Amino acid sequence: MRPEDLKPEQFSAYPPEARRLALDYLGTFRRLPLSFLPNLLRQVIEFDFKFPVERKTLEKELANLRSLSQHDLQLWFREFTEIKLSESLEKFDWVSAPAQFVEQLSAHLWTTHQMDAFRHAALGYAEKLRAAVTPEPPITPRFGIAVIGQGVDLAPEPLFRKLRPHGAFFSAVNPENGLQHLLDTVAARAGSYPAPYAHWYIDGGEELPHPSGVTCVSYTAMDPVRAAILARIHAETQKKGMGPEALRTLMAQLRPVDLGMASASGPVLDHFQIKLLTEGSGTQIFSTSFVQWAAREALRRAQPLTSLVRFAPRQRQKPMNELLSPSSERVELDPVGSLMDADMGAYYNWINQQRLPGSEKSLFLAWFENQKEAVAISPTLPHGTVSAETIDLRGILSWIT
Amino acid sequence: MTVRSSFRLTNRPDWLCGMSESNPRELARQLAFTRREFLRSAAGVALGSALLHAGPLVFGATPRSKRKVIVITFGGGARDQETFAPEGQDNIPHLMRELIPRSTFFTQVVNHGILGHYVATASLATGVYETINNFASLPPESPTVFEYFRKDLKRPSSDAWVVAPSNGFNRIGESSHRSFGPGSGARVILPKYLLSAATSGRGDYGHLLRDSYETPLYAPELGGNTFELEQMEMILKLSVDDFKAHARTLSSPDELSVYIVRQLMRQLAPSLLWVTMHDIDIAHAGAYSLYIEGIRRTDRLCAELWKVIQSEPEYTGRTTLFILPDFGRDSDEDAGGNGFQHHRTGDVISRTTWMMALGPGIREGVVYDRPVDSIDLVPTLGSMMGFTASLSRGKPITEIL
């Protein structure tokens, strides 16, 4: 089926708000090339479970597409129309299953050596979109906080090497009440700038008490869901003929209710958390991977004003078969390895925050939990500097902000 | 749309400063240039172009028929910042201090194919960008280097071997091409499969039996003929008890592979030996410390194999060693990826890698910046050993011939 043949009834299985949106833009969809449209529909079909910022962004993107003249459309999508698709892709039910289509499209692009051309087309589209739909700056500078090294007294290697050139390194931090100061800062920002999903706290272990205006995700709270997913994976991989593609498709179709998830946090956050485990790699087995991916996805999707991300020790490496098998054995931890993971994770948190609008004013703090080392990044702090002055986290926070 | 705005860092890592992202070819060239500068300062190597007017290479007294070649694929992809960049050189002390000064080094080896480990290794081994399913037990479609070698030079099956990490690599020794029948390629040993059979899944060997990291949720089924335990006893003169006892002293699948390689070299002394390392690919689980650990181990194992070459009478003075990754990993800067964790974006850093060649007749401490294609390896081996890779799409690398 070609986009120009789209009919309203084909969207009947979409969730209510997604269906409304799709029908509103049906005429626009009919004008788009097949190498592009399912990527867009993959966003549309998830509309009911998207964060407010994502919804707004998608609506703006759709409105922009609708506003393009035929001539503009040709300019915007010339490279996409040059991508050659297979007959099987054209016959695929890409309206009902856009994500699966995109997965098959990806395999097709690799095998037909069109991946570079598609990548070029996609980057060009993103560039044009950014010029046409200017992203809104945040109402206050974003503030990302990473806390690493829980359970370690002495780092085996210098920490924050990748972050230090971008900010000030503090080597004599007084750690007293450090975590509480950080939580208080998050709470204060949540109070000053209240908005749904604007302030996040992600913990690799058990979550600490936090105010209700803060969205919280923790590895420990996800334990039962992780166990259910691992059991599901284990059962599926025992089946004959089950391959990685089929398993990935099956995982992508899992819903919170399929995994016994009954949280009070609402369908949007439930959906987000399930995706962390079904789409993330390593998130099912390593808490450090879970936290890094959760922070990345929260920043990418919800674009929070505040994020406090606390890494915790992950389990020690074991054979993948054992890691993926549900087990009641006591988990052996690897705090030092986790510190290295988290050090890189903190750097990635900062990078991901810098990808968002308003990055020139963004603030960032990374701290070695209960220890003396921290790095702070702010427009007001000189880059690549070191301070050996004794200071507590409250003092650093006042310098940053 | 899934493609997000490109990353805007106000401060880029020092080693990337000045690189343009707009032109992938230019970025690859600058990447190569930067690698050369790192090597020149750290390992004291010379630029290859300075030697253009030097005399022809002298291959010594070894006739072609006695020449041996060992190819090591460097562990599943590693990036510059964890290897050849200043901040990464601590991870590869053996390459930096022992091997690079003895080698001709190519700074810009570009893989234009599919960035999956099995299919990319198959492409390296055929000299054609293969498009087979990365996760299926399928042979390469184009003739392999092993088939060319054996047919043209009339070599027995004992003269070409592959030692590979995962079940998925069992078909890599010979192609499905009609010009070459079954049994005309290399024998493939899967050390993990052997150990698993030897221990019947019992005992403390789990750390050596880690599966493919690219699809941690799924272990590929074994296809094709398998090298079994009885053959190990007969051909490698290695009893099951000795194998198990030695395996207990090892810490990773690649160490197990190197142990088997040493046995092969001692017992059969094959002229063409291909070793695929894989420990580094644990990066897919998202744990940075385990990725670094994999790089450090692979660095050590490469040096160990070089020492074995120097000490084994059948190999010393007549063996050329090639070391190259099958491809890189995603850059931190590509918003479509998640940094070191995967190799999915197809960005320049994930496609551009390096190669070193060492041995008699190879100039020592020389660096070449010009682009070399991944598929150039097979015709180069052909020219070196005296066979014609007639269906390869690559070109011989003249600088080492």
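Visitor: Which residue forms a salt bridge with Glu46(A)?
Guide: In this predicted model, the side chain of Glu46(A) meets that of Lys275(A) in a salt bridge, with an N to O distance of 3.8 Å.

Visitor: How many salt bridges are there between domain 1 and domain 2 of chain A?
Guide: The count between these two domains is two salt bridges. The domain assignment places domain 1 of chain A at residues 3-132 and domain 2 at 143-400.

Visitor: How far apart are the C-alpha centres of the two domains of chain A?
Guide: The centres lie 31 Å apart. Contact between the domains involves 10 residues of domain 1 of chain A and 15 residues of domain 2 of chain A.

Visitor: And what area is buried between domain 1 and domain 2 of chain A?
Guide: About 1,100 Å² is buried between them, and carbon and sulfur atoms give 60% of that area. On the domain 1 side, Phe49(A), Phe51(A) and Glu103(A) supply 53% of what this domain buries against domain 2, more than any other three residues.

Visitor: Let us turn to strand 6 of chain A. Why is it described as largely enclosed by the rest of the structure?
Guide: Strand 6 (residues 306-310) of chain A is largely enclosed because five of its five residues are buried. Thr306(A), Leu308(A) and Arg310(A) are buried on one side, and Ser307(A) and Val309(A) are buried on the other, so both faces are covered.

Visitor: Which residue stands opposite Ser307(A) of that strand?
Guide: Gly144(A) stands opposite Ser307(A). Strand 1 (residues 143-148) of chain A pairs with strand 6 of chain A in the parallel sense, over five bridges. Strand 4 (residues 199-203) of chain A also pairs with strand 6 in the parallel sense over five bridges, and there Ile202(A) has Val309(A) as its bridge partner.

Visitor: Moving to chain B: is Thr353(B) buried or exposed?
Guide: Thr353(B) is buried, at a relative accessible area of 1%. This residue is found in strand 8 (residues 352-358) of chain B. Leaving aside residues up to four places away in sequence, Thr353(B) touches several residues, including Arg35(B), Phe106(B), Gln108(B), Pro325(B) and Phe327(B).

Visitor: What average pLDDT does chain B have?
Guide: Chain B averages 86, and 85% of its residues score at least 70. Over residues 1-21 of chain B the pLDDT is below 50, although this stretch has 57 contacts in the model beyond near neighbours in sequence. Residues 52-56 of chain B are also below 50, with three such contacts.

Visitor: What ipTM does the complex receive?
Guide: The predictor gives the complex an ipTM of 0.92, along with a pTM of 0.91.

Technical notes:
Residues are numbered from 1 along each chain as its sequence is written. Chains are lettered from A and ligands numbered from 1 in the order in which they are written. This is a predicted model: local features need pLDDT of at least 70, side-chain atom pairs count only at pLDDT 80 or more; totals for chains, interfaces and linings use all residues. Side-chain values use heavy atoms; hydrogens and water are left out. pLDDT is the predictor's confidence in each residue, from 0 to 100. Contact means heavy atoms within 4.5 Å. Helices (H or I, at least four residues) and strands (E, at least two) are DSSP runs, numbered from the N terminus. Buried means under 20% relative accessible area, exposed over 50%, partly exposed in between (1.4 Å probe, protein chains only). Two strands pair if DSSP finds at least two bridges between them. Domain bounds come from an automatic or database domain assignment. Buried area is the accessible area (1.4 Å probe) that two parts lose on being put together, summed over both. A salt bridge is a side-chain nitrogen of Lys or Arg within 4 Å of a carboxyl oxygen of Asp or Glu.
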